[in-house]
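Here is a friendly walk through the fold, meant to be read with the model open beside you. Let's begin with a helix and the strands under it.

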Amino acid sequence: MIVESYEDVIALSGDLKSNFWETIHTAISLTLVRHPEGVIIDCSEITECTEEGANTFLDALDFIEEQDARVILVDVPQNIYNVLKSLPETRSQLPISPTIEDARQSLRFQVDPELDSETLSKFEVMPTILACVNGTDTDKGVINIVVELAEATDAAICWLFPIIIPREQPLQAPMKDLEEEAGNVLENIHAQIKDHDVVDKFVIERARDVPSAILQAIEEYNVKKLVIGLDKHILSENTCSFIQSVIKRVDAQVLFVKSES
């Protein structure tokens, strides 16, 4: 097994017939120093893989998740893909992307925009309003209300964009359309609040459902209020169950915002 490293990519070539985690450990550690958002493993030159060899990826996944980062496999040959999909652990946990560029785009949206030290110190002590945005028409009303609340109560704002992963896919699986939408939402928020002096940051949480994404964000921040938009989809199909699920699982004050249209 030959291991090469460049930028945020670890390229493996040769036979993967045994667990080579100790061999790639150092390369992955050094890559995470340069790219803390995660590592891409290029599998295009792997010629053969056994069940024991597949454990290399599981050990890598465990290590990288401990660093609050992600790992994505790319360009996996069909014979290697068949082995990974035949094993329950690798089938359910290993995210796979077709190309390095797709994987890199997915990793890019996982890192919160870096805050300067002064803003970060404010964020750590101020009460936080968690605002759940989703790229629908409801966002405009959520943004208006949250900014007004933040200015009135001297609170920071955490804009949460949940990326909901289907249960048949690994939680870290790239979701290109939603990740692109997250970037668009962030740009729209910045445009809408550019004239307001608020302390804020943008967070992406990957989860199986919106309440779970909200709970993940609440665990990280000093959240006192939660504001959620009820878009047309929620209103037309499962409003009551959604509201009940949020209220039962969240201790903060909750405000639901209905779209004007």
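Helices (H or I, at least four residues) and strands (E, at least two) are DSSP runs, numbered from the N terminus. Angles here run from 0 to 180 degrees between N-to-C directions, with axes fitted as lines to C-alpha atoms, for helices over the stretch in contact. Contact means heavy atoms within 4.5 Å.

A word on the source: this is a predicted model, in which local features need pLDDT of at least 70 and side-chain atom pairs count only at pLDDT 80 or more, while totals for chains, interfaces and linings use all residues. Residues are numbered from 1 along each chain as its sequence is written, and side-chain values use heavy atoms, with hydrogens and water left out.

Strand 1 and strand 2 run antiparallel and are joined by five bridges, with Y6 opposite V9 in strand 2.

Which residues of the largest nonpolar core touch the most other members? Of its 28 residues, they are I28, I41, F57, I64, L73 and L84. Such a core is a set of buried Ala, Val, Leu, Ile, Met, Phe, Trp, Tyr and Cys residues joined through side-chain atoms within 4.5 Å, where buried means under 20% relative accessible area, exposed over 50%, and partly exposed in between (1.4 Å probe, protein chains only). Helix 2 gives the most to this core, with six residues. Leaving aside neighbours within four places in sequence, I41 is in contact with I10, L12, F57, V71, I72, L73 and V74. Apart from this core lies another, of 25 residues, among them I143, A155, W159 and F202.

Five strands form an open sheet in the order 8-7-6-9-10, with parallel pairing. Strand 8 (200–207) and strand 10 (253–258) each have a single partner strand, so one side of each is left without a neighbour in the sheet. Neighbouring strands are turned by 25° against each other on average, direction ignored.

| Strand pair | Bridges | Residue pair |
|---|---|---|
| Strand 6 and strand 7 | five bridges | L130 and C158 |
| Strand 6 and strand 9 | five bridges | T128 and V223 |
| Strand 9 and strand 10 | six bridges | L230 and K258 |

Strand 6 (residues 128–132) is mostly covered, with five of its five residues buried. T128, L130 and C132 point one way from strand 6, and I129 and A131 the other way. Together with helix 7 (residues 138–153) and strand 7, strand 6 makes a right-handed β-α-β unit; right-handed means that, with the strands pointing away from the viewer, the path from the first strand over the helix to the second runs clockwise.

Is V125, by contrast, buried or exposed? V125 is exposed, with a relative accessible area of 65%, and is found in helix 6 (residues 117–125).

Methods:
Two strands pair if DSSP finds at least two bridges between them.
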